[in-house]
Amino acid sequence: MKDIKTVDIIVPCYNEEQNIEAFYRRTRQVEESLEGCSFSYIFVDDGSTDGTLETIKKLCQEAVERVVSIKYISFSRNFGKEAAMYAGIRASAGSSGDLAVIIDADLQHPPEMIGNMLGIMEETGCDCVAARRVSRKGEPKIRSLLARGFYKIMNRYSDISIADGAVDFRLMKKAMVKAIASMPETQRFSKGIFAWVGFDTEWIEFENVKRLSGESKWTVWGLTKYAVDGFIDFADYPLKVLGAFGGVTAAGSALYLVFEIIKTLVMGKDTPGYASTICLILFFGGVIIAMLGLLGEYIGRMYLETKGRPVYVEKESNIDD
């Protein structure tokens, strides 16, 4: 690892007061076991309501005495993990670090894997080493089922490919970090962005690890919404389906009209089918409303993007110190 100098450790945090110190001590042990490599920490406090920020500041004070670089960014409120990762990536893109690692503070992403990632990158010359879970032990079955279904649908109907079990834990070279930082879109889905920017990626597998303490911030509803948002952000397939359905419906209606005209000319007028007419009206009315709702999802994202709002609002930071 003679060519590696500094690795920015990007740590998004939301109510991780109980985990941060243990994460930091363990990651420091990993750093000490690596030759020719030093870590620079970038903690992003995503509007935590507990003592997360105070704990980070405490580590910053200790770092001054030990000559360790610890920077932090604190949001004005909770903007979500996507925003926190983006803030860390932007900070890393403007730093002097050679590489960047995105890792969770709850130790579900084992810090010891960083050494393996560095080894793979040095051996293969790839631009990114990303982690993927090979098991979902301890995870609710409904959540696992939804996750697997999402990856299958995403890979089949979008222009990007995401490995099943892929997580945000990854090591990236500076070029990839800068490419991601250059994408300031408001509606962010990082797994899709990582795939979209390209770059040579090697995968490293690991078993699912339980949180050190506390509970996951993700709910089934939250993950479902996140999956839907990610799919809409990177797939226009639903719009193509709407167009195809409209074309088929129009063609079917034209054929039915011709049939009715011929039938009337040959057999004369018959008694109108009120029940079938009502059923058709209700059916197509429901389909039209569903179509409008789907179109609304896409238009709504365009509306939010055109506003030009920032991805997050920074309350305080020591990066400019």
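Q: Where does Asp200 lie, in terms of helices and strands?
A: In this predicted model, Asp200 sits in the loop that runs between helix H7 (190-196) and strand S7 (201-206). The protein has ten helices and eight strands in its secondary structure.

Q: Is Asp200 buried or exposed?
A: Exposed means over 50% relative accessible area. Asp200 has 52% relative accessibility, so Asp200 counts as exposed.

Q: Which residues gather with Asp200 in a patch of negative charge on the surface?
A: Glu122, Glu123 and Glu202 gather with Asp200 in that patch.

Q: How many salt bridges does the structure hold?
A: A salt bridge takes a side-chain nitrogen of Lys or Arg within 4 Å of a carboxyl oxygen of Asp or Glu. The structure holds nine. One of them pairs Lys58 with Glu21, with the closest N and O atoms 3.5 Å apart. Lys58 is in helix H2 (residues 52-66) and Glu21 in helix H1 (residues 20-33), so this pair ties together parts 37 residues apart in sequence.

Q: Which side chain meets Glu31 in a salt bridge?
A: That of Arg28, at 3.1 Å, N to O. Glu31 and Arg28 are three residues apart in helix H1, so about one helical turn separates them. Both Glu31 and Arg28 are buried.

Q: What does Asp168 form with Lys81?
A: A salt bridge, with the closest N and O atoms 3.1 Å apart. Asp168 belongs to strand S6 (residues 166-173) and Lys81 to helix H3 (residues 81-93), so the pair ties together parts 87 residues apart in sequence. Salt bridges with shared partners join Lys81, Asp168, Asp104 and Lys191 into one network.

Methods. Residues are numbered from 1 along each chain as its sequence is written. This is a predicted model: local features need pLDDT of at least 70, side-chain atom pairs count only at pLDDT 80 or more; totals for chains, interfaces and linings use all residues. Side-chain values use heavy atoms; hydrogens and water are left out. Patches are made of residues with over 30% relative accessible area and no salt bridge: like charges are joined within 9 Å, nonpolar side chains (Val, Leu, Ile, Met, Phe, Trp, Tyr) within 5 Å. Accessible areas come from the Shrake-Rupley method with a 1.4 Å probe; for residues, only the protein chains shown count as cover. Lys and Arg count as positive and Asp and Glu as negative; His and the chain ends are not counted. The place of a charge is taken as NZ of Lys, CZ of Arg, CG of Asp or CD of Glu. Helices (H or I, at least four residues) and strands (E, at least two) are DSSP runs, numbered from the N terminus. Buried means under 20% relative accessible area, exposed over 50%, partly exposed in between (1.4 Å probe, protein chains only).
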